[in-house]
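Please look over the sequence and the structure before reading the notes. The points that follow are grouped by topic and can be checked one at a time.

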Amino acid sequence: MVTTPIVVAPAIDFADVRAEFDLVDEFPPEALAEARRAADRFADVREDRADLPLVTIDPPGSMDLDQALHLERTDDGFVLHYAIADVYALVEPGGALDAETHRRGQTYYLPDGSVPLHPRELSEGTASLLPDAVRPAVLWRIETDHRAEPVAVSVRRALVRSVARVHYAGVQRDADAGRLHPSVEALPDFGRLREAAALARGAIELRLPAQDVVQDGDDWTLQIEPRTEADEWNSEISLLTGMCAAQIMIDARVGLLRTLPPADPAAVDALRRTARSLDVPWPSGLGVGAFLASFDANDPKTLVLMSEAPTLLRGASYAAFDGELPETILHGAIGAPYAHVTAPLRRLSDRYATEVCLAVSSGRDVPEAVRAELSAMPKIMSSTDSLAGKVNRACIDLTEAVVLAPRVGETFEATVLKEATERRDAEVFVVSETVIGPCGGAPEEGSTVRVRLTLADPQARKIRFDHDR
């Protein structure tokens, strides 16, 4: 992981970003009233599994807790219980809250707070898997072999109780010290087995330096988003569940997949050329994912290769189907079919994909009301995914410009991520300031150079460097 000093920015008002993208926290009165009186519509069919000692793993301070897990070893492998907040049971189909969540599509995260998909009374209260509270949930049971490959999968409605709430850094510290909570003691071994399986499938993981804007009192800091092994292990739990959900829906010929075409051969060839230009050997027969995973994240050459790698992963979409499978069922970055089912408090589509899995797993027909919603999901989710990306970029651009505004004219050391072309400037990563920006001149890709800051405009949210020869 690249480590950088924390750079402090003065107070920043993100209200302009919210206004620009029409992000409003408040809910219509009718929707808010429905959330406040929400009751479990499936209370009479739930299995009581409050005895299961589930644990949640989330960022510090999170209140919208979608998932809780319990992982145990068996003689032959592992058994994973994964509880997901049962949002469908608490939102009345066709009601005011249902309509508002369809308009929002997902939760939007800004440095100064989120704009939630659901009212906080629900997403951070009655539906959230908060510790020591009995909650309605969708409970996945995934039995695996010794390689952590699934051999039996079921999903049903249940009452559950989380017994502990931990965060990623805490899990990592406990793992390093050998004192993990019993419910997740097997997580490191399980996670590493799943990571190995991902590479064997040809999965492609990008490890670009992810910028994060974090509040520090009244000020803000720019830093590289912390990423631990525990983050990866926990991610593998969600990915496995999404893969199992996708297979259930594919077998039933009805559902909603998250899709991504396989890497374009031309993009792979371009990455090979970049590797050759950097004198990075690419052994014959080694897949793209394994090649990218083999590098030290602190090596500037790794940053360059990772900055090129997103061209491998273009064309992400959602595919709804009922009767006939879509042309593409694969998620190229995962190396398998995949579906979103593990974050219904924060993502609308998960609500309906989960209902399909529940019906199929119990041998029932998928309800017509659920089938009717599937076809609307690709448009809603694609448009709101795009909006979420723009919001995140605007917040980072604003913070970068504010941080650097007093420093125009100064020079910095930078890694050249992309060289200039006829259509765009070079792109550089200034590690000391945790910023990525355009750079004039023709610095060589992969080199470490001195650059001069020539523009930092908070009003326009733009920065620019020039190669300081």
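In this predicted model, helix α11 covers residues 348-361, a run of 14 residues. From its first C-alpha to its last, α11 reaches 21 Å, close to the 20 Å expected at 1.5 Å a residue.

**Helix α11**
- Helix α11 is mostly covered, with 12 of its 14 residues buried.
- Among the buried residues of α11 are L348, D350, R351, Y352, E355 and L358.
- Just after α11 comes G363, which takes a positive phi of about 80 degrees.

**Aromatic pairs**
- A pair of aromatic rings is described by two things, the distance of the centres and the angle of the planes.
- Rings of Phe, Tyr and Trp count as a pair if their centres lie within 6.5 Å, and by this rule there are six aromatic pairs.
- In the pair of F42 and Y88, the ring centres are 6.3 Å apart and the planes meet at 25 degrees; planes under 30 degrees apart count as stacked, so this pair is stacked.
- F42 lies in the loop between α2 (29-36) and β2 (47-48), while Y88 lies in the loop between β5 (78-85) and α3 (96-104), so the pair ties together parts that are 46 residues apart in sequence.
- Y88 has a relative accessibility of 10%, and because buried means under 20%, Y88 counts as buried.
- F412 and F465 form an edge-to-face pair, with 6.2 Å centre to centre and 85 degrees between the planes.
- This pair links distant parts of the chain: F412 belongs to strand β14 (residues 411-418) and F465 to strand β18 (residues 462-467), 53 residues apart.
- F412 counts as buried at 4% relative accessibility, and F465 is buried too, with a relative accessible area of 1%.
- Ring pairs also link F42, Y88 and Y352 into a cluster; Y352 is one of the buried residues of α11.

**Charges over rings**
- Which ring does the charged end of R157 sit over? The ring is that of F42, with the charged end 3.8 Å from its centre.
- The charged end of R104 sits over the ring of F27, 3.6 Å from the ring centre.

**Confidence of the model**
- The chain has a mean pLDDT of 92, and 97% of its residues reach 70 or more.
- Over residues 1-8, pLDDT stays under 50.
- For residues 1-8 the model has 33 contacts beyond four places in sequence.

How values were computed. Residues numbered from 1 in each chain as written. Predicted model: local features only at pLDDT ≥ 70, side-chain atom pairs only at ≥ 80, totals over all residues. Heavy atoms only, no water. Phe/Tyr/Trp six-rings, centres within 6.5 Å; stacked < 30°, edge-to-face > 60°. Helix = DSSP H or I, 4+ residues; strand = E, 2+ residues; numbered from the N terminus. Buried < 20%, exposed > 50% of the residue type's maximum accessible area, 1.4 Å probe, protein only. Lys NZ or Arg CZ within 6 Å of the ring centre and 35° of its normal. pLDDT = per-residue confidence, 0-100. Contact = heavy atoms within 4.5 Å. Expected span 1.5 Å × (residues − 1).
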